[in-house]
Structures are given as C-alpha cells and as structure tokens.
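Work through these exercises with the structure open. Try each task before reading its solution.

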Amino acid sequence: MSDKKTIIFAEDTVHIAKLLKFKLEKEGFNLIHFPSGVGVTEGVIKYKPDLVMLDIMMPVKDGLTVLKELKSNPSIANIPVILLTANSHEEYVVKGLQLGAIDYILKPFASAELMLRIKNILKMR
Amino acid sequence: MEIIKYIVFGFNTLILLYFLAVCSIYITLNIIAFFKMSKYNRTIKYLDLKRVFKLTNYKPISVIVPAYNEENGIVESIKSLLQLEYPDFQLVIVNDGSNDNTLQKLFENFSIRQVSFTPFYKLKSQPIRSVYMSSEYPNLIVIDKVNGGKADAINAGINLAKSPLITVIDADSVLERDCLLKIVRPFMDDENVIAVGGTIRIANGCNILHGNILNVGLSKSWLARFQVVEYLRAFLFGRNGFDVLNGILIISGAFSCFSRDALIKIDGYRAGCIGEDMEIIVRMHRKLRRENPKLRITFIPDPVCWTEAPETFKVLRSQRMRWQKGTVDSILLHKNLFMNPAYGWIGMLVFPYFALFEMLGPVIEIFGYFFFIFSFALGFVTISFAVAFLTTAILYGVVLSVLSVILEELSFQRYPKLSQLLSLIAAAFLENFGYRQLTTWWRFRGMVEYFTGKRHWGKMEKKGFVK
Amino acid sequence: MSKLASRQVGMFIYLGVFLVIHIDIFSFLALTIFALLIITYILVIQVVLLRLLHGYQTKQEQKFFAVWEERIFNYLEGDEKPQTLIKKIRRGKYIYLLRYLREFFLMLKGDDFAKLSSLINETKLQPFLLSYLQSGSPRKINEAAYFLGLAKSEASKRLLRKKLRSENASVFLSSALALARLNDIDAVFDIFRNARHFKFISKDSLLAILSEYTDDVCKPLFQNLKREKNVLIQSITITLFRHFKFYQAGEMVLKIMVYSPSKDVIIESIKFFSTIELFEASTALRSLITHPKAEIRSEVLKALAVLGDESFEQRIWDRMYDSEYEVQYNAVITLMKIIPGSEEKISRFAYGNLKDRAAAIARMVLSERNIKN
C-alpha cells in the first residue's frame, strides 16, 4: 500500500467530479467517484478512505441517507465526511452537521477553497 | 332488393365516415401538438428548473398516495417519494383499510407514531381511524381509515393535507425525481391554473432501482409495446391538442396536481365513482369554469410518471373494461354539458367528441365491422368500397400510430437505442392488426356490462417492481 | 431528404387529381390514405436517419470532450491564455464547448468562474454568441442569451436590452434572465415595462428572473416603490426586498401596507417584516389580526411568532376560535412560541374540552410537536 490518501466522492454532476479528480490527483490524492449514493457505503467499507465527500441532492439515494448509514456503522463512523450542497438548501446543512458531518461546502464553490479545506481536514487527522 | 342494397350502402358509408372522422380529428390534433411541443421544448431547455429552490415563494405541495393492499411495494415507493426534488412537500399516505400488512410495514420502516388529529375540511370520506407521523421524516403523514375506495381515500387525504397544492399519485407510480418541479410550473406561470396533469409512460422493460428509473427500456412482450404506442398517442397528441382549446377532460389518476381550494370548492372526489379521475375534471369544468371561464386545466407534456402496464390479456381486459365504464359513467353524470353553448368549446366540441368517439366509439366500430363483413358476404358491397373501408379502418390507424412514435422521437427521445425506436415503429404498425380491434371489443363489453348493471371496479393485479 | 420527400408528395397529389377525375370516390379515398401511408413511411425513414445523425453528433461531442476535458482542466489550473485555447477549436464545435461548460458555470465561483467567463468574454466565442443573438431564430437567441448571461458578458448588454422588446415570450424571458445575471440594474424597469405586453408572464416567473440580480437592485427599486402605483410591481418589489433582506425598506413598506387594498401586497409585506424582524410593524399587525381575509390572518399569526410579545396573548387566543383551520392552527403554534409557559395552559385547554374544535386543533399541534422532538 502506498501512503496516498484516498477520498471517496459521491456527486451526480460527472463533469465537476472529473475536475476535482483531476485536481486532487495532481496533488497526490487518490479519488474514487460514485455518480449517485448507491454503493457508497459499501465502497467506504471496502476502501477505508481518509475522507468522504457527499453531494446531498443525488438520484436514487441522497447524501444524507448515505451519511446516516456511514455513521451508524462503527467500523467506518470515524471517517470524516464533507457535505456538498446547493446554496439554497441550507436547512439540509444543519441536518447533516447534526448527523455527524465535519464540514460543508455550498455550491457554487471555488475549487481552491475546497482543496484547502480537504487538506486541512486530512492534516488534522 | 334495390332498396335494401341502398340502405346497406348508406349505412356502410356512414360507418366509413365515422372512421374517417376519428382519424382526421387525430391527425389535426397531431399537427397542433407538434407545434406546441416544439415550443415547449424550446422554453424549458435553458430554464434551470432547480432555480425554483432559490425562490422565496415556491408553493408547498402535499402528495397524496392512496394505498390499498400494497404491502409489497409501499416501503420502496415511500422511500423513493421522500427523495423527490422539491423545497417544501409533504407526503400523505392513506391506508384505505387494507387487509394485508401495509400499515405494519410502515410501522417497521418509518418509525411512525400516532398523533391526535382533526380533519381541516369536510370532504366526505369513510371514518379515519388514526393518523401517524414519523419522527425520522417530518414530512411524512400516514392516515389509517376504513376502506372506501380510491376516491374516498383521496378525500380523506385532502382533509388532512396542509399545502395549497395537492398532487395525487398511485402507490405504484414511478416518478421522475424532478416531477414536482415540473408540475408546479403551470401554477407558477399562470395564477388561473387549477389542475395540471402529467404525462404517463409505460414502465415495463425499464430498469428500475429503488423506485427510480435508471434506464428507459422496452418490454419484450408485444402486448406491453402496443400499450407504449397507445399511451404515446393518447398523451402526446390527444391531450396536447385539446389543451389548446383549454379542453382537457381527463387527467390520469396516476399523476395529477390540483389547487386545494378548487378541490374543496367542488367537494372533492366523488366516492363510489368508477372513473373518479375523469369525473372530477369534468365536474371542475362544469362548476368552476362556468363561474370563471379564465380558469385553466392543463397538462405538461414531459414524461414525469411511469406506470406498470398489464402484460396478460386477462388483466388488460379487466383494465380496459373498467376504463370504459369510467368514461361512460363520467359522461352520463354530466350529460347536460353536451352541446351546451354555456360551456364554450368544452360544451360544443370536446364533450361531444368524448361522448361520440370515446364513449360510443366501440359500439359503432364493433357494429361497423360486423355489418361490413355481413354485407360483404352477401355481395352488397363493391370492391372499391371494400378497399376504402378497410384502408380507413386500419391503414389510417397505422398512419396515426406511427406519427405518434415520430412525434415522441422529435420531442423527447426517451428511448435511447435505435433498435428500440425500430421496434416501437413496428409495434405502431402491428397494433392496428388485431390489438386495436381487441381493445375495442373489450371496451364494447365494458359498456354492455355497465348498462347491464355490473358496475363494480374489477381488480388490478400487481406485477410489482420489487426485485 | 426533405427535397426528395416534397417531390414525392407532389407526385402523389398529381396522381390523386388525375385519379379523382377518372375513378369513383371510394377508390380515391383509399388512394389518399395509401398516400398518407407512404408519407408516413418517408417520415419514418427520415426519423431513423435523424436518429443516426444524432448518434453521430453525440459521438462527435463525446470525442470532443475526451480531447478537450484535460485541456480545459489544465487551463483552469495554469496560466494559459484563453485565446490560445479557443484558437485550437473550430467554430463548428463552439456550441459543444458551451454546452460542456454549462455545468461548470453553474457550479463554480471565485477564480474558477473568472477563468471560465474570460473563456467566453475574451475570445472569439463572444462575437460568435453575439452573432447568434442577432439572428432571427428564437432558438439561437435563447441559447446565446443564456450563455452570455452565465458568463456575465458586459459587451452583450446593449443587444440584450434590445431583445427585451421582442414580441416572442421566450426571447423576452431569456434576455431578461441574462440581464439579471449580468446585474444590469437599469434594465429592471425595462423588464417590468415589457413584461406587461405578455398576457401569461406571471409574478412568479418574473421573480425567478429578478432574484438572479445581486442586492444592488434593491436601491433603485426602493426609489421607484415610492411612486409605484402598479400593485403587481409593488408586490414583486417587496418580495425581492425579502429575498435580499433589504432592511432599509422596512419603514416605507409599512406605510404602503397600511394603505394598500391589495391582498398580495399585504401578505408580501407581512412576510417581509417577519424576515427582517421589524418590530415596529407589530402595531399595524394588531389591527390586521381580524382582517376579513383568512390568508392575511394566518400570515399575521405566523409573523407574530417572530414579532409578537405577551401583549398579543388575548388576541391570539381569540383566533383559536377562527372559522378557518389554518388560522386556528397558526394561532396555537404562535402562542406556544411567544408566550413563555403557555404550553401547559394550552395542553390543559386541549385535553379539558374534548368536543371543542379549537381544543382538537391544539391537541393536534401538541402531539405533532411531541413527535418532532
């Protein structure tokens, strides 16, 4: 195993996910992308990532449902989770933070800021 | 002998004219629909539907789901309904006295607890036993009531719904996630809109996961494919065309949205009615639009709701017989709209169209076919007449069905593969040789049953989407 | 293809006319329908060809993305000039690029957004879009207006303002949206003025567009509201003030509300007061609490949950006996919010009068609250 940090990112806007993957891989992270909430929990159990980023509004299974699953499984509950959501859904953010998310990003976002936050969270651990 | 020949000839000609009229009306509607749809698509493309979330005054919606013996699908359905994209909506599940474990399933999955309740409105319904709310999902309400049928269950739901807009769906409808965003648009665009229908498509053959359409597909069964074409025809241009005249007389019960005030004003659904979804719209025209002709009943052409179609003859037969009874019932209940100038286009054109073609259609057609065969056998008809009759009755239908597939292809292109497009076109062609006549026969039988007294519903068997 | 089709149609009409002179009406009818069938057949072929063409285009688009994705990502990271990037793209592919960029525009801000918009504003894409904007086709105009608005392309303002005067509703809406995204403040009044030409453009559609402005739009709207007589514009303006939390307008809106006969204006004003927590409004609300319109009474009670105090207690209790359930329901909720210790009193009332409707509603509110906690 290399000591590359792994991030799991669930986001239905594929282009944006690709952009972040591009940026993060350039900085030496490893990013695994899921186009919806389906399979994310299983993915987290399998890959044991250092960080999970969840979009809240996703088809089939939304981010908050995934978050609940992650936090209710003791083997992965301590992996930090960042939520992404449109700036008009601020009420979801409160719910997400109550459920145990460590931070949130409102869309539209500046990728530089997101990168900084990711690095800070990973450094803290 | 000569006289009889003339009578037979005259009669046959009348029936020929009838077939000609039906198809010509449809062709006209088709052309109207084409223009309307291309305009609609142009408007919607760059609207960024989700911007509604940013607004401060979106209209809250209550989604009412009547459920009777749905223990197999109800949990999946609710889970996916809870994921609809809309800033403020409430789910009202009405357990209509199921005698299976529907309510039990809700207890197990949604941690619901009993609350005290008072109906806000006084629409007639069977007594409500109790009301439950969920601590986990604050926008979920479950009503448990004594069995009374679908219309009755919806009324009970309206009595307890808190939002100014009411969406009614079937428990087994599969909804597109942005369907509420789309269905409120007509209400937002025009304050006079009181009811909006959605376009229904056939879900058979589609890849469905947890109540979400992943891939649109076609069923292997030709019976289902014929129905796909039928639905395209009915929704794409049947309704689009009439919408131009503000003449929508039927909104499918599988997905419809109303202003609550309008529902309350007309005392809700008529309990015990066979075709409650058509009846309520006719009554809205009759009561509300008479007072205020500006009010609009409209529909949106986007496919927003997918429903399972029967794949066996038996189930399809009972469905079609039931629908026909519903149409007859709604039309007879409101027969004084017929050719009544006080109701404008509805009275003079749309209602007579429904009475003549939708209600009496099967009778005339079945009679026509038999009469034609009979007189042909007796040698009463010339070859050129026979050819004309058969082309009008069958080939004209082919033109229509194929045109509706073309219209779908030009507007929404929901079937991604070329092979699917080709088999739809094949289905459009083939449905005119047998399938259409068969459904006509069933509708005819439905009518006979209606008038001979068997007015009960008939059961819809579920195939179920749960895998 | 369509030339071929029209030639065939012509042929059939000719044939039809020829035949009708020589044969009887039924054969003619049969032939007409056959002709329709053949037209349909041609349409089918056309649709299949269109599908193949569409499939080809999609493949082209995907190929384009595959090549360009990384270049664009690199551009967003590095110092490459937008002109050099765009130079490598053929004009025919511009529209692919724009569609590809759409989501990035909607999702990114800050430096990323600046880079994205200079991709349009400092390159040949801008004249390309402006030429679309000047074309006669509403489809092209809408597309161009959309992207120029997204990229906040200052150079398009003048043309977009012209397009506001269009008689085509979709052109009007798309150019209004673009101007709002460009934050062209002066255009607000043009939007109001021209919107009146369209019968079906509603308050909500206008609001959806106007809320794309930044809060700079409030000041001129504030100046205008002093003189504005049109009720629709008044209520749209007040709703926007609420959207932007424009505190300054509080006093003036209060004055307008007191004299306004319009239900819409009154309701929007009340919501505005509660959003900006304008306590001065509570005196005016005191008299509106018995307004003949239930919607207004209900809205007043909701606002009192924020603005009210103990002096309202008796008046709110009275509303629990209102004829409309919504008013009763909100009365209970408001009481519990603003009167300390009222929960106990309400529950005594609720469970002490089992047959009373007001008590039934109070029981409902209590048990719903119980579930949520």
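This is a predicted model: local features need pLDDT of at least 70, side-chain atom pairs count only at pLDDT 80 or more; totals for chains, interfaces and linings use all residues.

Residues are numbered from 1 along each chain as its sequence is written, and chains are lettered from A and ligands numbered from 1 in the order in which they are written.

**Exercise 1.** Find the order of the ten strands in the open sheet of chain B.

Solution. Strands are DSSP runs (E, at least two residues) and helices likewise (H or I, at least four), numbered from the N terminus. Two strands pair if DSSP finds at least two bridges between them. The order is S3-S4-S5-S2-S1-S6-S11-S8-S12-S7 (chain B), with mixed pairing. At the edges sit S3 (112-115) and S7 (174-175) of chain B, each pairing on one side only. Now take S1(B) (61-67) and S6(B) (165-169): they run parallel, joined by four bridges. Ile64(B) has Val168(B) as its bridge partner in S6(B).

**Exercise 2.** Describe how chain C touches chain B.

Solution. Contact means C-beta atoms, placed from the backbone, within 7 Å. By this test, 42 residues of chain C meet 38 residues of chain B. Helix H2(C) gives the most to this side of chain C, with 14 residues.

**Exercise 3.** Which helix of chain C supplies the largest share of the side that touches chain A?

Solution. Start with the totals: eleven residues of chain C contact 13 residues of chain A. H2 (25-77), H4 (94-107) and H5 (110-121) of chain C each supply at least two residues of chain C's side. The largest share, four residues, comes from H4(C).

Definitions and conventions:
Two residues are in contact if their C-beta atoms, placed from the backbone, lie within 7 Å.
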